[in-house]
Amino acid sequence: MNRHPIRTLTGIPSTRSLWFLLRQETKALTAVPGEVVVEVFLSPLGYLFLLGAGISGMLAGGSGSNEAFLANLWFMVPGIVAIQAFFAISASMYRLQADRQSGMMAMKLVQGVRPVVYTVSIFAIPLVRFLAQVIVLLTAAWVLGIRMTASEVGLVVMVGVIAAVTWLAVGGLLVFLVRKQTNRAVVMRVLSLPLMFSAPTFYPLESMPAYLRTLAFFNPLTYHLELMRGSVQIGPSWLLWPVVLALLIVSTVTLTVLVSIAQPLPAQDNV
Amino acid sequence: MVVVRNLSKRYANGKSALEDVSFTIGDGRVVLLLGRNGAGKTSLIHIACQVIRATSGSVDLGITHGRELGWCSQSQMIDWWLSVLDNVCYGPGMAGFSVGEARRRASEALELVGLQGEAARNCSELSGGQLQRVQVARVIAARPSVMFLDEPTVGLDAWTTLSLMEDIRRRADDGAIVIVSSHELDSVEEYCDEVLLLDKGRLVSHASADEFTRTWSDKERVFIEFEGRLPASFLHRVQGLLSGAELVGSGKPTSRSGVVQGQVHDGSESDVSSPIDVLLPAGKSLLLLKELVSVVSVTQFRVDRPTLADAFLSFQRTVHGREVAG
């Protein structure tokens with residue numbers, strides 16, 4: 001079904017409209033500097049130093065052995081990257097919902113902005129923020145003694161970006177598929193806990209009970225995590241690329257579905 | 001040229017918003033889209049702006065590019081994270097102007113709507129009227145060739161309304177088509193060329209503003225000030241003369257929308273105090289004056305042609321009877 005026959009007007013060239021929208025989005029999402037600091041610095045560092053380091057120490061058997069602690073931290077860091085990517089889901093829901101409800105999305109599309117350009121403009125800043133979080137996280141991990149090669153870092157970042165884009169798109173889909181804000185909040189609450197904790201974020205898949213492993217099997221976060229861990233354990237092996245490709249396809253399909261159903265809404269009190 | 005053909009809109013809940021609406025608007029025209037709440041004005045604008053789909057029919061705006069279309073919603077289409085200036089920049093920015101040019105045009109538009117001093121403030125700090133001005137400025141700054149302005153004068157003071165409507169008129173004189181939906185008829189009357197009247201989703205009139213007024217109000221608006229009070233017996237005496245008259249206001253300032261219903265000809269026993277604002281059948285005003293001077297000292301007597309608001313109210317009374325009262 002063609003969902004966009006309604007808009008027949010062309011817009012300014014996509015590169016130009018994207019540039020302008022990115023500028024506006026940057027201003028909007030950095031309007032509160034304190035929020036940026038919390039998102040970029042405190043969130044990843046909090047997970048690393050308060051949760052990751054704590055669990056690593058516990059898994060090291062409380063022996064105080066630096067080697068055991070570091071070995072477990074190697075396991076934790078990709079988990080925290082994946083968690084930060086997962087949190088992109090709320091970033092896209094937050095911004096898309098506000099843009100759609102206020103009629104700004106309608107205004108932009110009426111002016112001829114293509115849905116794909118609109119989607120990219122909405123997702124770009126959360127994606128940049130995610131990259132900044134990864135840089136902060138990897139820098140802190142380096143300070144703690146985690147030494148990754150450039151290719152390992154590259155793979156972690158690439159898989160992280162694929163994961164973040166997937167979750168951004170899932171967040172967008174929730175905005176368009178679950179129309180009522182109250183219902184969406186319930187759906188998000190119901191989804192987020194099992195998604196975060198049925199994946200091997202802070203403990204290995206093998207240590208999970210059978211029912212949890214079954215849940216993990218259907219959880220996309222599991223594959224993001226396993227791929228990132230595989231990247232730092234075995235490096236850029238050709239064995240990883242089919243999984244990267246599969247995740248890329250999932251991400252692309254999710255984004256394509258989102259763009260195809262992204263319909264504007266007149267400002268809410270007009271409906 | 002804007003061409004609307006056989007446009008119908010039925011919402012999912014079964015409510016019909018528009019039924020077989022067709023009209024054509026030539027370049028350089030300011031058109032007032034008129035109708036009561038729920039008449040289908042906003043649905044028509046949303047379909048024309050391609051925000052919602054029509055159930056059937058078509059709209060040809062005579063443009064191919066989104067930057068040629070300006071849309072000011074009656075709801076607050078505002079990016080709450082951005083400043084006033086950045087919100088207005090959306091207009092020229094999306095129309096393809098460079099950032100510097102967009103800011104210059106946005107500043108000019110803000111000056112036009114009297115918000116130049118608020119440019120740096122966040123939109124969340126503004127009042128409802130100021131937010132409407134931000135939206136109007138966004139459209140004005142983009143200089144589109146087809147504009148849909150839904151209640152653009154709401155919340156504007158008289159001076160800003162005048163500046164805005166003069167600017168709209170200038171743009172129309174340069175060839176733009178401006179379709180204004182407004183309940184503030186006195187503010188826009190002077191500047192509009194045509195009237196589109198929607199009633200329960202149907203287009204019941206498309207005429208020049210003068211023709212519309214003549215069609216729906218064959219009465220003169222008479223304003224009378226006098227000393228003392230007119231006794232109820234006088235009203236009985238001139239009952240025949242006042243047949244078909246509509247009292248717009250009596251004894252107190254006339255509310256813009258409040259119609260004081262027909263004590264003039266329904267045999268009310270109460271006296272009438274000065275001033276009287278009444279719509280009289282054409283040609284009867286001088287006869288009334290003659291009768292009036294025999295009982296009171298008339299200090300002011302003015303006869304005006306009926307306004308769009310008079311014609312609109314006459315239409316509502318003619319078609320819907322008393323249900324429009326109050």
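Author: Two strands are taken to pair if DSSP finds at least two bridges between them. The model discussed here is predicted.

Reader: What is the bridge partner of Leu33(B) in E7(B)?

Author: Strand E7 of chain B comprises residues 177-181 and runs parallel to E3(B), joined to that strand by 4 bridges. In E7(B), the residue bridged to Leu33(B) is Ser181(B).

Reader: How many of the residues of strand E3 of chain B are buried?

Author: In a regular strand, side chains alternate between the two faces of the sheet. On one side of E3(B), Val30(B), Leu32(B) and Leu34(B) are buried, and on the other Val31(B) and Leu33(B) are buried. The strand is therefore largely enclosed by the rest of the structure, the buried count being 5 of the 5 residues.

Reader: Which helices of chain A do the buried residues of H2(B) pack against?

Author: Helix H2 of chain B, residues 84-94, has 11 of its 11 residues buried; among them are Val84(B), Cys89(B), Tyr90(B) and Met94(B). Within chain B, the buried residues of H2(B) pack against H3 (99-112) and H4 (128-142). In chain A, their partners are H1 (14-29) and H5 (104-110).

Terms used:
Residues are numbered from 1 along each chain as its sequence is written. Chains are lettered from A and ligands numbered from 1 in the order in which they are written. This is a predicted model: local features need pLDDT of at least 70, side-chain atom pairs count only at pLDDT 80 or more; totals for chains, interfaces and linings use all residues. Side-chain values use heavy atoms; hydrogens and water are left out. Buried means under 20% relative accessible area, exposed over 50%, partly exposed in between (1.4 Å probe, protein chains only). Helices (H or I, at least four residues) and strands (E, at least two) are DSSP runs, numbered from the N terminus. Contact means heavy atoms within 4.5 Å.
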